[in-house]
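Please look over the sequence and the 3D structure below before reading on, and keep both in view as you go.

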Amino acid sequence: MDILVKSPKRLARTAGVLYLFVGIFGGFSEGFVDPKMYVAGNAATTAGNVIANMGLVRLGVVSHLLDGTFFVFTAMALYTLLRQVNQSIARAMLVLVILATGIICLNAVFQFEALRVASDAIYTATFGIAGSNAIVLLLLDIQHYGTLSAQVFFGLWLIPLGYLCYKSEMFPKWLGVILITGGICYIIDLLAAFLVPDFGLKIHGLVTIPSAIAEISMVFYLLIVGVKNVAANESVA
């Protein structure tokens with residue numbers, strides 16, 4: 001760890017690898033597994049999807065937990081790298097990531113419980129098939145909207161990160177700008193999903209494009225460049 005702290009470029013690339021794992025595990029769980037299981041308003045289909053893909057659901061739960069773990073480690077690495085710019089803002093960034101991770105990990109419990117209800121005959125015997133299916137849908141409803149709630153922190157953490165990148169001499173200013181823009185777009189998408197759901201569905205793809213561009217750009221910059229060669233940043237205090 002001492003070696004990483006004394007080498008900003010190496011620390012940045014470590015953060016890039018961790019951030020890449022966040023994208024891989026988060027993309028698999030939230031982008032593939034969750035939509036494959038959850039059908040809003042249809043309890044029978046949702047429960048059927050869970051029963052037909054029990055192994056995939058288990059992988060999705062583990063993937064959510066790994067996503068959260070790597071997310072925290074990514075934020076810790078970036079905090080160490082950028083705290084010299086503004087320690088208070090760097091701390092705020094870290095706290096926002098911890099809040100997002102807590103929600104995501106809790107959501108994974110609801111998903112796992114949905115699997116248990118769908119696959120355990122005791123729930124069918126107690127509540128009937130329709131009742132058991134309704135519980136599965138309820139648990140995945142909670143997980144779905146919990147993930148949307150976590151999005152506020154997914155967006156907010158990009159804003160201090162973008163500010164720190166913009167103010168530091170270690171990253172190009174354009175990267176800081178698109179990170180802040182991506183964070184704002186996350187929040188717009190969240191507000192639209194809760195306040196005007198029909199409109200939110202229409203703009204979801206458009207609004208999330210800047211967020212995706214921002215995060216992908218950050219990952220690739222960290223992996224390929226690390227940080228800019230600036231004499232003042234030869235070591236991270």
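This is a predicted model: local features need pLDDT of at least 70, side-chain atom pairs count only at pLDDT 80 or more; totals for chains, interfaces and linings use all residues.

Residues are numbered from 1 along each chain as its sequence is written, and side-chain values use heavy atoms, with hydrogens and water left out.

The chain has eight helices and zero strands, where helices (H or I, at least four residues) and strands (E, at least two) are DSSP runs numbered from the N terminus. Read from the N terminus on, the order of elements is therefore α-α-α-α-α-α-α-α. Taken along the principal axes, the C-alpha atoms fill a box of roughly 70 × 40 × 30 Å.

How much of the chain is buried? Of its 237 residues, 45% count as buried, a word that here means under 20% relative accessible area, with exposed meaning over 50% and partly exposed lying in between (1.4 Å probe, protein chains only). The accessible surface of the chain comes to about 11,300 Å², and 71% of that area belongs to carbon and sulfur atoms; such areas come from the Shrake-Rupley method with a 1.4 Å probe, and for residues only the protein chains shown count as cover.

Turning to the inside, a nonpolar core is a set of buried Ala, Val, Leu, Ile, Met, Phe, Trp, Tyr and Cys residues joined through side-chain atoms within 4.5 Å. In soluble globular proteins, nonpolar side chains tend to be buried together. The largest nonpolar core in this model has 40 residues, and those that touch the most other members are Leu78, Leu81, Trp157, Leu161, Phe171 and Met218. At least two residues of this core come from each of helix H2 (8–37), helix H4 (54–82), helix H5 (87–119), helix H6 (121–167), helix H7 (173–195) and H8. Apart from this core lies another, made of 18 residues, among them Val33, Ala47, Val57 and Val117. If residues up to four places away in sequence are not counted, leucine 78 touches Ala15, Met93, Trp157, Leu161, Met218 and Leu222.

Which residues does serine 211 contact, leaving aside its neighbours within four places in sequence? Serine 211 sits in helix H8 (residues 197–224), and it is in contact with Gly182, Cys185 and Tyr186 when those neighbours are left aside. Serine 211 counts as buried because its relative accessibility is 1%.

Leucine 148 is found in helix H6 and is buried, since its relative accessible area is 16%. Leucine 191, found in helix H7, is partly exposed because its relative accessible area is 46%; leucine 191 and valine 152 are 39 residues apart in sequence and 8.8 Å apart in space, C-alpha to C-alpha.

Charges come next. Side chains of opposite charge can pair when their charged atoms come close. A search of the whole structure finds one salt bridge, defined as a side-chain nitrogen of Lys or Arg within 4 Å of a carboxyl oxygen of Asp or Glu. In this salt bridge the side chains of glutamate 113 and arginine 116 meet (3.2 Å, N to O). Both residues lie in helix H5, three residues apart, which is about one turn of the helix. Glutamate 113 counts as partly exposed because its relative accessibility is 27%, and arginine 116 counts as partly exposed because its relative accessibility is 34%.

Finally, valine 225 lies in the segment after H8 and is partly exposed, at 29% relative accessibility. Valine 225 touches Lys9, Arg13 and Phe220, residues up to four places away in sequence not being counted, whereas the C-alpha atoms of valine 225 and alanine 192, 33 residues apart along the chain, are separated by 36 Å.

Technical notes: Contact means heavy atoms within 4.5 Å.
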